[in-house]
Amino acid sequence: MREAAEEADSPPSLMSEDDAGSGGSSGERWTADLRGAGNGGGARPAAPPDQVLENVLESVLEFLTAARDRNAASLVRRSWYRAEARTRRELFVGNCYAVSPRRAAERFGGGGGGGSVRSVVLKGKPRFADFSLVPYGWGAHVSPWVAAMGPAYPRLERIFLKRMTVSDDDLGLIAQSFPQLKELSMVCCDGFSTLGLAVIAERCRHLRVLDLIEDYIEDEEDELVDWISKFPQSNTSLESLVFDCVGVPFNFEALEALVARSPSLRRLCVNHHVSVEQLRHLMARAPQLTHLGTGAFRSEAAPGDGGMSMSELSASFMASRSITSLSGFREVNPEYLPAIYPVCANLTSLNFSFANVTAEELLPVIRQCHKLRTFWVLDTVGDEGLRAVAETCSDLRELRVFPLDATEDSEGSVSDIGLQAISEGCRKLESILYFCQRMTNAAVIAMSKNCPDLVVFRLCIMGRHRPDRITGEPMDDGFGAIVMNCKKLTRLAVSGLLTDKAFEYIGKYGKLIKTLSLAFSGNSDMSLQYLFEGCTRLNKLEVRDSPFSDKGLLSGLDYFYNMRFLWMNSCKLTMSGCREVAQRMPNLVVEVMGDQSDDGEETEIIDKLYLYRSLAGPRSDAPSFVKIL
Amino acid sequence: MEGGVGYADNCLKATELRLGLPGTSSDDHHLRGKKRAAADDNNASAADEHDAVEAAPPAAKAQVVGWPPVRSYRKSCFQAAAAKTSKPTAVTTTNKVDEPIISKNSAAPAPAAASLVKVSMDGAPYLRKIDLRMYKGYRELREALEAMFSGAAAEVNPSEFAITYQDKDGDLMLVGDVPFDMFTSTCKKLRIMKRSEATGLGSPRQMN
């Protein structure tokens, strides 16, 4: 009885509560001393030596933090299983439908008083939901989880939710069920409004972290609640308050007062309703900030109407010597950019991805950011801007270049030239996300050789099926080089004109790849077959608009239990093919959407397939547009 | 090949009154047709590796949902910014009501806006929202609403409640009187109230 969705990628069928000590081989290295001391302690009632053994075991297990290791330890024997269950501190559920909430809560809730679980991570919708591919109301409701965990984990301190639907009701129940709650982070969630935020602010008296990141807030202008005012009036324990995605206006005076009485505050990210004048006030109240989300970064006054001067703003930054991370700049007035110079030398993270700035405006800033490790930027800075980054930021680990104009036919302001420059200057690069319209195999190959530490390589050539812009060849060789040369690669997203050859390379060399995204790629089902057979660590596969049929889908049958999920939309899958998968794989849930024609009759070709391993069986909350086979 | 929203769209078109020969449509299923064309061409050339160039995308490409893969959150931020004057942006005092950064439709499939309506139930403290286009008919809608509010009013018998809606003109109507597609296009807000309070609304035929 083990959560299928935990980090360890073993299929459900291997889970066992048996005493047979043959559970995962990695369990064996733990048995050396402890097991020898006993007499197979699991089956007999606890005699003193066994009790000591279990106590010692629990103390040792406290040091095991990685879910993978804990899962292995829990397989050794029943007593280890129990001991591990009692001491697990974080429950990680990578797919909320892979296990029932009740079962998960029971598994780790032992020992009265809620066991030792202090932290829960829950992930819901498939990632393509971010791109409007999953209709509203699909699911991933947090309600049953809160209902199950409330009684089981009353001492829960940390909740992390990603792509879950969270209602104001749910937030109310969370506040009520977990009086010790210290951290609430919601990323890409939806379903709640400022009403729910008000409840959290008011009732979670020990709150240290409230991070709202790219959530969709359900607010109408006439329904706004002044949630900022609801935080405790005494000094708070707030360390992090991130709400730039809460796009509605808020009570600024209340925020300023809140910041003033939150001496531990280190991270503050405000929304775009904050002007530089207001930002100054906030910075004055919290000179100890390390992470600052700067809001609009423009004056509240009309241009030429006497707004705050740049040097006044600069004084604020001079006084904030602890800042290492900046973001925001939502409506940036470039004239204010020099104000951040005083902190540039210490910056390790800079998010300009909402700042429409040119290379010329970027240069004087980036030239001072020698310590930068994370940089997010818009393609408006062009290849020239990226060259400047390459020249200065030799310690860069993560780069994301987003398109200002996210359409297929856009001009595209960065190209292979920028990528090449980055590869030459930022040799320690580990993660890159790059949107462009023009790319060459040569630049990608160069990056594969110059940046051997790459763990994440996501290249999005926005125009569909675009070949190498110089040779006219498919982009197979470029991606082939990436998988060949970047031996630590675990996440890959491909684009451009790609034939089956690219996937042959990926299958052959991409042995560590866990997450793979493809769109408009490949010629035939061989591509899928290469991937399933070759990428032994494949955990998440997302495919769209590619010419793969049931044959390709079925070539994955032996591998689906090793994966968290497979998503395919707009390919050439049929109901029969999907049904066959569902029939042959009892521990998979196979969801299909878009299988109806105009007159409500079932069509053969389906639009969206989402399949995932699960111990819980078909979910009962599927809306009518989802068919579970 | 389109998802749920496209389906609902097509239903609506079926009930649309229009001049023209039956079987013609002014709004073709661009995405469906063109995607298939591209896919079929690719399949045909599977055997030949180097010439296995993908079929050149059709000349007049329809925008595809969710491509390029930029999060709707990010896209809507720039839409909102573009709606304002060009930088440096014009005066807005900070607590003035701006267009929200998250546009209401960013959670819905891009081409056809989701038909999100608020649902309130007498006695339940919080509002819900649903997308009417996800339901094929009244029965499904009712089942969904019952499921949604069963927590809030667990002891209450569903048949004690009537489902009403506010239409475009602001009138309160009983759900179920008009064809479903007409209902989805005119409904602005749903309200579940005690049946006793709903007397005088609509026709004797109740939603079953």
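Is A:Phe520 buried or exposed? Select A:Phe520: at 4% relative accessibility the residue counts as buried (buried is under 20% relative accessible area, exposed over 50%, partly exposed in between, with a 1.4 Å probe and protein chains only).

Before going on, note that this is a predicted model, in which local features need pLDDT of at least 70, side-chain atom pairs count only at pLDDT 80 or more, and totals for chains, interfaces and linings use all residues. Residues are numbered from 1 along each chain as its sequence is written, chains are lettered from A and ligands numbered from 1 in the order in which they are written, and side-chain values use heavy atoms, with hydrogens and water left out.

**Stop 1: two positive phi angles in chain A**

Stay on A:Phe520, which sits in the loop between strand S16 (515-519) and helix H20 (526-534) of chain A. Helices (H or I, at least four residues) and strands (E, at least two) are DSSP runs, numbered from the N terminus. Phi of A:Phe520 is positive, about 50°, although the residue is not a glycine. Most residues other than glycine have a negative phi, and most peptide bonds are trans.

Now select A:Cys188, in the loop between strand S4 (183-187) and helix H9 (194-203) of chain A. A:Cys188 is another residue other than glycine with a positive phi, near 55°. Its relative accessibility is 10%, so A:Cys188 counts as buried.

**Stop 2**

Select residues 67-74 of chain A, which form helix H4; six of the eight are buried, so the helix is largely enclosed by the rest of the structure. Those buried are A:Ala67, A:Arg70, A:Asn71, A:Ala72, A:Ala73 and A:Ser74.

Next select helix H18 (476-485) of chain A. H18(A) is mostly covered, with seven of its ten residues buried. The buried residues are A:Asp476, A:Gly478, A:Phe479, A:Gly480, A:Ala481, A:Ile482 and A:Val483. They pack against helix H17 (441-450), S14, strand S15 (491-493) and helix H19 (500-509) of chain A.

**Stop 3**

The loop between strand S14 (456-461) and helix H18 of chain A holds A:Arg464. At 13% relative accessibility, A:Arg464 counts as buried. Show side chains here: that of A:Arg464 makes a polar contact with the side chain of A:Glu408, at 2.6 Å. A polar contact is a pair of N or O atoms within 3.5 Å; within protein, one must be able to donate a hydrogen and the other to accept it, and residues adjacent in sequence count only if both atoms are side-chain atoms.

Which residues does A:Leu396 touch, not counting residues up to four places away in sequence? Look for A:Leu372, A:Arg373, A:Thr374, A:Phe375, A:Val389, A:Cys426, A:Lys428 and A:Leu429; contact means heavy atoms within 4.5 Å. A:Leu396 lies in the loop between helix H15 (382-392) and strand S12 (398-402) of chain A, and at 0% relative accessibility A:Leu396 counts as buried. From A:Leu396 to A:Arg427 is 31 residues in sequence and 7.9 Å in space, C-alpha to C-alpha.

Move to A:Ala302, in the loop between strand S8 (291-294) and helix H12 (310-318) of chain A. At 24% relative accessibility, A:Ala302 counts as partly exposed. A:Ala302 and A:Leu265 are 37 residues apart in sequence and 32 Å apart in space, C-alpha to C-alpha.

**Stop 4: domains of chain A**

Colour domain 1 (96-221) and domain 2 (226-346), as the domain assignment of chain A gives them; the bounds come from an automatic or database domain assignment. The contact takes 19 residues from domain 1 of chain A and 17 residues from domain 2 of chain A. Their centres, taken over C-alpha atoms, are separated by 28 Å. About 1600 Å² is buried between the two domains, 63% of it from carbon and sulfur atoms; buried area is the accessible area (1.4 Å probe) that two parts lose on being put together, summed over both.

**Stop 5: chain B**

Chain B has five helices and five strands, in the order α-α-α-β-β-α-β-β-α-β along the sequence. Of its 208 residues, 43% count as buried.

Finish by selecting B:Trp67 and B:Pro68, which are joined by a cis peptide bond with omega about -5°. B:Pro68 is in the loop between helix H2 (30-44) and helix H3 (72-83) of chain B.
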